[in-house]
Amino acid sequence: ETELLSVLSGHYRKDACEDKKTVYEAWKIILRNQFHDILPGSSIHEVYEDSKKEYAEAEQLLASVQHPCRSSLIENGQGYTVFNSASYERSDFVLLPETAKQTQYKNEAGAVLRSAVINGRVMVYCPKMPPLAFYPIYEDSARTETAPRVTAQKTGNGITVESPFYRVKWNEHGQINSLYDKKARREVFSKTGGGNILQIFEDKPRCFDAWELESTIDLKKEEITALVSSNIAENNLAALISFCWKYNKSTIEQTVHVYADSPRIDFKTRVDWQESQKILKAAFIPEIRATYARYDIQYGNLIRPVTRNTSWEHAKFETPAHKWIDFSENGFGLALLNDCKYGHDIKDNVMRISLLKSAVYPDYSADKGIQEFTYALLPHTGTFIDAKLEQYAFNLNNPLSAVQGRAQLTGSFISLTNPNVFVDCIKWAEDSDAVVVRFHEYAGSRGRVSLKLHESWAERYRWCEADLMENPLKAWKEGAISVTVKPYELITLLIRKK
């Protein structure tokens with residue numbers, strides 16, 4: 001996002017191309033801390049003390065680039081500007097800066113935007129934001145409040161929530177025992193199952209404590225059922241259901257967001273983790289019959305069996321995935337999204353995500369302390385493409401941000417014609433003043449992709465295809481940008497003003 005802002009500000013700043021030197025230093029820090037042993041949590045304790053300091057240093061370097069970029073792009077004035085860094089039209093929520101006091105807003109077309117105050121911050125729902133563009137919103141003092149469109153109430157020993165998308169019921173342990181999908185007209189979970197069942201397992205592998213996970217952890221399994229408290233709140237955007245569980249010396253706090261405008265159900269989690277050699281998972285047991293599940297990976301996705309019929313399948317008891325996994329039968333599925341948790345397992349129709357693993361070697365205090373993360377459910381009809389899983393998962397991992405003032409640049413910087421193509425980066429080239437646009441096809445389909453540049457570029461540019469090292473592969477061209485993309489292909493374009 002910092003690289004993209006630098007390119008956008010190039011229209012207003014003559015030195016914008018120099019930003020890449022600072023960003024390069026930040027990249028070196030980040031990639032050093034993505035090294036083999038640092039990344040998975042299998043280094044000694046002192047490595048993580050160092051990495052915290054280094055990540056802070058990288059963040060400061062990026063902030064030093066973002067500030068002049070935003071200053072050149074955003075004019076002082078009333079209202080706020082929301083930045084959609086995604087390459088698709090996006091409808092999503094944005095938390096305004098803490099200084100925002102007005103709770104009622106409208107967009108540039110004058111349409112009223114739904115909003116609410118959540119934990120002391122103003123949240124606004126911004127529909128149909130153009131791709132790779134700024135979206136201005138303004139205070140609207142004439143607006144009148146409407147009644148909440150998501151209702152929550154305590155029923156017996158549990159809680160029931162009604163939204164335009166779902167009817168959700170929790171039991172006395174804080175577990176979901178019913179999730180009725182109104183669009184699909186069906187119950188998501190099996191009668192003997194449920195959702196968001198927090199499970200604890202003994203985690204003592206035969207060797208390599210921080211590296212290994214045994215396939216036999218289910219032999220020593222506990223469910224966390226000691227619910228200390230539960231609370232409900234409603235507003236114009238969502239129902240917020242808060243739970244607090246205790247387990248030994250650890251505390252798990254979770255606020256479930258059931259939205260009025262989004263089918264995603266978020267589980268925003270804060271854990272004070274004080275366990276050793278334990279692993280925490282969240283389990284969901286949908287009423288779905290299938291033999292394969294789909295897992296998001298870098299620049300694509302793949303399918304894996306959920307059965308254990310062979311020794312090869314037995315060996316795949318834990319599977320890595322990036323932003324989402326999807327378990328679907330023909331016409332209906334359940335996706336599990338995350339913002340930083342990558343271990344999953346699906347056996348038969350039980351889906352689980354690994355949340356915490358607390359090894360004692362080589363780091364004697366691995367994972368101990370305060371942990372914050374979010375995972376989400378997305379029931380859907382049709383395929384993972386129809387459900388726009390890639391987009392919903394990107395939204396979860398890249399929340400919108402807003403700054404005070406109005407953007408000078410209006411309209412999409414780049415727009416694409418192929419909906420199955422995802423822009424991964426827009427940056428300055430490493431060895432020239434060209435702009436790099438890199439994208440990939442994620443749906444396993446083939447077709448043409450046309451790119452339309454912002455009017456400020458008019459027809460004053462040349463372009464060519466390049467390899468990942470940014471070396472031109474073909475001759476430079478002028479005029480319309482159009483290329484053929486193959487299934488899951490990664491394409492790099494160089495664009496340079498004349």
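These legends describe close-up views of a predicted model. Local features need pLDDT of at least 70 and side-chain atom pairs count only at pLDDT 80 or more, while totals for chains, interfaces and linings use all residues. Residues are numbered from 1 along each chain as its sequence is written, and side-chain values use heavy atoms, with hydrogens and water left out.

**View 1. Aromatic pairs around Phe-394.** The whole structure holds 16 aromatic pairs. Rings of Phe, Tyr and Trp (its six-membered ring) pair if their centres lie within 6.5 Å; planes under 30 degrees apart are stacked, over 60 edge-to-face, and the rest tilted. Tyr-88 and Phe-394 are edge-to-face because their planes stand at 80 degrees, with the centres 6.2 Å apart. This pair links distant parts of the chain, 306 residues apart. Tyr-88 lies in the loop between strand 1 (74-84) and strand 2 (90-95), and Phe-394 in helix 5 (residues 389-397). Helices (H or I, at least four residues) and strands (E, at least two) are DSSP runs, numbered from the N terminus. Tyr-88 has 12% relative accessibility, so it counts as buried. Phe-394, at 14%, is buried too. Buried means under 20% relative accessible area, exposed over 50%, and partly exposed in between (1.4 Å probe, protein chains only). Phe-394 also pairs edge-to-face with Phe-422, at 5.1 Å centre to centre and 65 degrees between the planes. Phe-422 sits in strand 30 (residues 421-428), 28 residues from Phe-394. Phe-422 is buried, as is Phe-394.

**View 2. An aromatic cluster and two charges over rings.** One aromatic cluster is formed by Phe-189, Phe-267, Phe-284 and Tyr-375. Lys-341 lies over the face of Phe-373, 4.8 Å from the ring centre. The charged end of Arg-462 sits over the ring of Trp-476, at 5.0 Å from its centre. A charge sits over a ring if NZ of Lys or CZ of Arg is within 6 Å of the ring centre and within 35 degrees of the ring normal.

**View 3. Two nonpolar cores.** A nonpolar core is a set of buried Ala, Val, Leu, Ile, Met, Phe, Trp, Tyr and Cys residues joined through side-chain atoms within 4.5 Å. The largest has 48 residues, of which Val-161, Trp-170 and Tyr-375 touch the most other members. Strand 16 (residues 238-247) gives the largest share, five residues. Apart from this core lies another, of 38 residues, including Ile-74, Phe-413, Leu-453 and Leu-493.

View 4. Helix 3 (residues 45-73) has 29 residues, which should span 42 Å at 1.5 Å a residue; its end C-alpha atoms are 42 Å apart, which agrees. The expected span is 1.5 Å times one less than the number of residues. Buried residues of helix 3 include His-45, Tyr-48, Ala-58, Val-65 and Leu-73. The buried residues pack against helix 1 (2-9), helix 2 (19-32), strand 1, strand 7 (133-139) and strand 28 (401-407).

**View 5. Helix 1, a covered segment.** Eight of the eight residues of helix 1 are buried. Among them are Leu-4, Leu-5, Val-7 and Leu-8. Its buried residues pack against helix 2, helix 3, strand 1, strand 7, strand 30 and strand 31 (435-441).

**View 6. Cysteines without disulfides.** The whole structure has zero disulfides (pairs of cysteine sulfur atoms within 2.5 Å). The sulfur of Cys-340 is 20 Å from the closest cysteine sulfur, in Cys-244, too far for a bond. Cys-340 is partly exposed, at 30% relative accessible area. For Cys-425, the closest cysteine sulfur is in Cys-17, 14 Å away, again too far for a bond. Cys-425 is buried, at 16%.

How values were computed
Contact = heavy atoms within 4.5 Å.
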